[in-house]
Amino acid sequence: MKHLISILVFFLFFTTSSIASASSSYNVRQGNQKLLVAIDPKLQRICDKTDNPVECLITTIPFLRKKFVINPMSILDIEVEAIDIKTKEALDKASKLLLSSSNLKPITNCFNICINNYKSILESKHRILDAISVGNDKQLKVELSSNVDKIYHCEDAFEEANVKSPITEVNSLLGKMITNSLTITIDMVHFHNKN
């Protein structure tokens, strides 16, 4: 399960104009295999409303099961789980890179900032799930917004040190995943108990 999200999925044919209300399928590459993935129209509509529809699709599809009810709340739950998995992968990668960084002060400082931010994102998962379960949209927005900032602060640390970030790709995906969760929260999930 650890590598479920890290499976590289490349959309070979994907344009926003090709997303229609009818079920679509796309050729995707998983490792060395080409797969044809049918995308549920409900999932397409939800992901189309996010800032990063492709990332929405590739991070939710691995979690979908038969007879899974697709709605904004279920996709938000999936995104929270996917963010947790991807953040653990980012933490593991940054920790390994820190160990091999030869104690170069600027880069070790950058990795330490990122590692602390990843840990903070992981710690926020229970607060996010609690906010979802009690319908506290304000807390949910605060947690998700804070997590987006943590990803940007990580990348900013490398930029300020004039060092090319070796974790830009994972940070980019994490930022997009969290932003998508925030968009789903703000624009699509309607809690009955507004706090």
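Axes are lines fitted to C-alpha atoms, for helices over the stretch in contact, and angles between them run from 0 to 180 degrees between N-to-C directions. The legends below describe close-up views of a predicted model.

**View 1. Helices α3 and α6 pack with their axes within 10 Å.** The two axes cross at roughly 160°. Angles over 145 degrees count as roughly antiparallel, so α3 is roughly antiparallel to α6. The crossing of α3 past α6 is left-handed. On the α3 side, the contact is made by P72, I75, L76, E79, A82, I83, K86, T87 and A90. On the α6 side, V170, L173, L174, M177, I178, S181, I184 and T185 take part. By residue class, this contact of α3 with α6 holds 12 nonpolar, 3 polar and 2 charged residues.

**View 2. Helices α1 and α2 pack with their axes 8 Å apart.** The angle between α1 and α2 is about 135°, which makes α1 oblique to α2. In passing α2, α1 forms a right-handed crossing. From α1, the residues L43, C47 and D48 meet P53, C56, L57 and T60 of α2. The residues of this contact of α1 with α2 comprise 5 nonpolar, 1 polar and 1 charged.

**View 3. The largest nonpolar core has 46 residues.** Y118, L140, F158 and I167 are the residues with the most contacts inside this core. Six helices each supply at least two residues of the core: α1 (41–48), α2 (53–60), α3 (72–99), α4 (105–134), α5 (137–160) and α6 (168–187). In soluble globular proteins, nonpolar side chains tend to be buried together.

**View 4. The surroundings of I167, one of the residues with the most contacts inside the largest nonpolar core.** Neighbours of I167 within four places in sequence are left aside here. Beyond them, I167 is in contact with K93, A94, L97, F111, C114, Y118, C154, E155 and F158. Among these partners, Y118 and F158 are themselves listed with the most contacts inside the core.

**View 5. S95 lies in helix α3.** Is S95 buried, exposed or partly exposed? Its relative accessible area is 26%. Buried means under 20% and exposed over 50%, so S95 is partly exposed. Along the chain, S95 and T108 are 13 residues apart. The C-alpha atoms of S95 and T108 are separated by 10.0 Å.

Key. Residues numbered from 1 in each chain as written. Predicted model: local features only at pLDDT ≥ 70, side-chain atom pairs only at ≥ 80, totals over all residues. Heavy atoms only, no water. Core = buried A, V, L, I, M, F, W, Y, C linked by side-chain atoms within 4.5 Å. Buried < 20%, exposed > 50% of the residue type's maximum accessible area, 1.4 Å probe, protein only. Helix = DSSP H or I, 4+ residues; strand = E, 2+ residues; numbered from the N terminus. Contact = heavy atoms within 4.5 Å. Parallel < 35°, antiparallel > 145°, perpendicular 65-115°, else oblique. Left-handed = near helix turned anticlockwise from the far one by under 90°. Nonpolar A, V, L, I, M, F, W, Y, C, P; charged D, E, K, R; others polar.
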